[in-house]
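Dear colleague,

Please find below the structure that I am handing over to you, with its sequence. My findings follow directly after it.

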Amino acid sequence: MKNIRVNAYEVALVFKQGAYQRMLKEGKYWFWGNETVKIYNVTQPFNAPVELNILLQDAELADELHVVEVKDNEIVLHYENGLLKQVLAAGRYTFWKSVIQNDFVRADVSKVEITENIERTTLQHKLVASYVRSFSIESFEQGVLYIDGKFVQTLKAGVYSWWKNGIAIVVNKLDMRQQHVEINGQEILTKDKAALRINAWAQYKVTDIEKALVQNKDFSYQLYAIFQLALREYVGELTFDELLEKKESITPFILEAVKTKIEVLGVEVAGFGIRDIILPGDVKEIMNQVLIAEKKAQANTIMRREETASTRSLLNTAKLMEDNAMLWKLKEMEYVEKIADKISSISVNGNGVLIDQLKQILVSQK
């Protein structure tokens with residue numbers, strides 16, 4: 001005979017010649033030599049030494065065990081005392097009912113939606129993350145969800161999680177803020193066959209992501225083409241001179257022309273403008289010549305106007321001096337003063353009649 005002691009938090013299983021006999025709890029026991037005793041710590045998971053179904057036929061033993069069966073399309077989250085311990089994949093698991101509180105949350109991973117009451121922090125846990133696929137959409141974005149290639153719904157800003165399985169999930173995201181597009185290097189002929197290169201810009205904002213991404217392919221390319229054709233339509237109907245005169249009306253025309261066409265793209269245009277109108281080299285040279293000629297003509301006009309005003313002023317002055325001897329004398333003295341300012345010294349040579357000669361120069365004769 002042999003003596004076996006089963007301590008607290010232990011359970012013993014008795015086998016006789018390999019066949020299960022009974023379960024023993026805390027205490028001292030005597031056994032014959034043909035009996036085998038296996039002792040288990042009830043705070044640890046139970047690994048059955050024989051077929052589990054045989055052991056579960058003992059109602060007392062079955063009452064002491066948690067038996068968790070996980071199907072192929074399931075996972076089970078195992079918590080110990082409220083903390084996630086492990087994730088159980090397909091199979092059968094047994095745990096002792098003991099001082100450790102074991103809880104189990106079963107989840108069907110064959111579907112897409114996570115309908116089980118599982119917190120986001122748990123889904124992001126390293127033990128669970130491999131079973132979950134997550135997508136994050138920023139506050140300035142929206143997304144469209146496709147499941148197995150079929151459009152399902154529009155997604156607003158937030159974090160979305162689905163079970164990872166054989167079902168294909170695609171999320172296409174789009175920036176919903178105002179955006180800018182350059183329409184550069186447009187070679188366009190005017191009505192009078194002048195070849196121009198025009199650089200333009202446009203600002204737009206996506207208002208309907210379903211139209212932009214689901215109902216249209218490459219909506220941004222289509223938007224570019226719509227602006228390009230509208231610009232060509234406007235320039236092609238005007239001569240070069242008309243285009244220069246009406247360049248301020250380009251923006252209203254383009255905005256009105258594209259308004260209806262871009263609605264099907266789910267886009268709203270906020271602005272449009274022409275950055276550059278680049279002329280061919282020969283046209284640019286001709287324009288420069290025209291500009292120079294215009295400026296010369298303007299300069300000549302101004303000079304003639306000033307000359308006419310100056311002549312008119314002299315004529316008025318002459319008429320006043322003709323009627324007023326004192327004014328004539330003052331004018332003479334003014335000119336003499338101006339002449340004297342430019343003379344530093346005067347040398348006089350002559351005979352006795354010098355004084356009479358100076359008098360004749362400086363005193364007016366009537």
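T94 lies in strand β9, which covers residues 91–96; helices (H or I, at least four residues) and strands (E, at least two) are DSSP runs, numbered from the N terminus. The model is a predicted one, in which local features need pLDDT of at least 70 and side-chain atom pairs count only at pLDDT 80 or more, while totals for chains, interfaces and linings use all residues. Residues are numbered from 1 along each chain as its sequence is written, and side-chain values use heavy atoms, with hydrogens and water left out.

Is T94 buried or exposed? T94 is buried, with a relative accessible area of 7%, where buried means under 20%, exposed over 50% and partly exposed in between (1.4 Å probe, protein chains only). A polar atom of the T94 side chain lies 2.5 Å from the backbone oxygen of F46. Leaving aside residues up to four places away in sequence, T94 touches P45, F46, L52, H66 and V67 (a contact means heavy atoms within 4.5 Å).

**The chain as a whole**

The chain contains 10 helices and 18 strands. Of its 366 residues, 29% are buried. Among contacts between residues at least 6 apart in sequence, 62% join residues at least 24 apart. The chain exposes about 24,000 Å², of which carbon and sulfur atoms supply 51%; the areas come from the Shrake-Rupley method with a 1.4 Å probe, and for residues only the protein chains shown count as cover.

**The sheet of β2, β3 and β5**

An open sheet is formed by 3 strands in the order β3-β2-β5, with antiparallel pairing; two strands pair if DSSP finds at least two bridges between them. Strands β3 (19–24) and β5 (35–41) stand at the edges with a single partner strand each, so one side of each is left without a neighbour in the sheet. From one strand to the next, the twist averages 25 degrees; axes are lines fitted to C-alpha atoms, for helices over the stretch in contact, and angles run from 0 to 180 degrees between N-to-C directions. Strand β2 (residues 10–16) is joined to β5 by 7 bridges, and V11 has Y40 in β5 as its bridge partner.

**The hairpin of β7 and β8**

Strands β7 (residues 74–80) and β8 (residues 83–88) run antiparallel and are joined by 5 bridges. L77 has V87 in β8 as its bridge partner. The hairpin has 2 residues between the strands, and N81 takes a positive phi near 55 degrees.

V258 touches I226, F227, A230 and V269, not counting residues up to four places away in sequence.

A further open sheet has 3 strands in the order β16-β17-β18, again with antiparallel pairing. Its edge strands, β16 and β18, each pair on one side only, and the twist averages 20 degrees from one strand to the next. Between β17 and β18 there are 10 bridges, and Q203 stands opposite G271 in β18. Helix α5 lies across β16, β17 and β18, running at about 40 degrees to β16.

Yours sincerely

Conventions: A polar contact is a pair of N or O atoms within 3.5 Å; within protein, one must be able to donate a hydrogen and the other to accept it, and residues adjacent in sequence count only if both atoms are side-chain atoms.
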